[in-house]
Amino acid sequence: MGILRSLFVKPLTSEELKQQLAKASRERKRKMLELRKMRRKRDKIIDEVRQARKANDNFEVDLLWEEIRQLKFDIYHAKREAKVANLEEIALKRYTRAMEKFERAKDTESIKKLFAKIRSSNLEDKLQEQKIREQEYLDELNAIVQLAEDELYEEEVEEDREKASFLKEIDRIIEAEEKGKAEDAEKHRRALEERLEAEPEA
């Protein structure tokens, strides 16, 4: 049972809902903070890759590439969790406002109807489906790891292709910087960040 539906197993007041809303808001902020930290770390590593590439330090480039690759998955996962937390907070805000309105009017019948609609709604199911899809995605990644020995060659080829594309964009940034074309360098930097924000392929 999800957080929204579990709250309405028994009658609640608007004050109790406000307390839950405050918790949901803190959780959403925590997840957004985690996401920002991951993005800052990714941006720092991109700069380190650029410097290592300019210095022809291939060993350091390889190490940093592994960190970037892992962060891509972590950021994708964090974005999904932040989205769910945001939707839960929005729902609680709307429920709280409705409860306050009905309580001021002493409309107990409308409160009962609101609770009944919340219990029977599929909004919670939609949030849970997002989490389930995410878990299925992680399960697929685990399956890939388990089959790594059988698919080693194919995975190495795919990783090399992704790495080559990443380093090509890094080289474009370096080239633009060396030519004094700051706008072009920033354009390539944004393109690289957008690519790293894209949904990872299973």
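## Phenylalanine 166, a buried residue

Phenylalanine 166 has a relative accessible area of 2%, so this residue counts as buried (buried means under 20% relative accessible area, exposed over 50%, and partly exposed in between, with a 1.4 Å probe and protein chains only).

What does phenylalanine 166 touch, leaving aside neighbours within four places in sequence? Its contacts are Val49, Trp65, Ile68, Leu192, Arg195 and Leu196 (contact means heavy atoms within 4.5 Å). Isoleucine 46 is 120 residues away from phenylalanine 166 in sequence, yet their C-alpha atoms are 9.8 Å apart in space.

## The model and the whole chain

This is a predicted model, in which local features need pLDDT of at least 70, side-chain atom pairs count only at pLDDT 80 or more, and totals for chains, interfaces and linings use all residues. Residues are numbered from 1 along each chain as its sequence is written, and side-chain values use heavy atoms, with hydrogens and water left out.

The protein chain has seven helices and zero strands, giving the order α-α-α-α-α-α-α from the N terminus on. Of its 202 residues, 33% count as buried. If you look at contacts between residues at least 6 apart in sequence, 79% join residues at least 24 apart.

Helix H2 covers residues 14-54. Its 41 residues should span 60 Å at 1.5 Å a residue, and the end C-alpha atoms are 60 Å apart, which agrees (the expected span is 1.5 Å times one less than the number of residues). Helix H3, residues 58-104, passes the same kind of check: 47 residues should span 69 Å, and its end C-alpha atoms are 68 Å apart, which agrees.

Alanine 22 counts as partly exposed because its relative accessibility is 34%. Glutamate 60, in H3, is eleven residues from valine 49 in sequence and 7.7 Å away in space, C-alpha to C-alpha. With a relative accessible area of 29%, glutamate 60 is partly exposed.

## Turning points after the helices

Most residues other than glycine have a negative phi. Which residue takes a positive phi just after H2? It is asparagine 56, at about 55 degrees, although this residue is not a glycine. Asparagine 56 sits in the loop between H2 and H3, and its 64% relative accessibility is why it counts as exposed. Just after H3, lysine 106 takes a positive phi of about 55 degrees.

## Where H3 meets H7

Two packed helices are described by the angle between their axes and the distance between the axes. The axes of H3 and helix H7 (residues 182-197) come within 9 Å and cross at roughly 65 degrees (axes are lines fitted to C-alpha atoms, for helices over the stretch in contact, with angles running from 0 to 180 degrees between N-to-C directions). H3 and H7 are therefore roughly perpendicular (65 to 115 degrees; under 35 is roughly parallel, over 145 roughly antiparallel, and the rest oblique). Ile68, Lys72, Ile75 and Lys79 of H3 make the contact with Arg195, Leu196 and Glu197 of H7.

Is arginine 189 buried or exposed? Arginine 189, in helix H7, is buried, with a relative accessible area of 14%. Not counting residues up to four places away in sequence, arginine 189 touches Asp43, Ile46, Asp47, Arg50 and Ile173. Arginine 80 is in helix H3 and also counts as buried, at 18% relative accessibility. Its side chain makes a polar contact of 2.9 Å with the side chain of tyrosine 76 (a polar contact is a pair of N or O atoms within 3.5 Å; within protein, one must be able to donate a hydrogen and the other to accept it, and residues adjacent in sequence count only if both atoms are side-chain atoms).

Isoleucine 118 belongs to helix H4, residues 108-120, and is buried, with a relative accessible area of 5%. Isoleucine 118 and tyrosine 95 are 23 residues apart in sequence and 8.9 Å apart in space, C-alpha to C-alpha.

Methods: Helix = DSSP H or I, 4+ residues; strand = E, 2+ residues; numbered from the N terminus.
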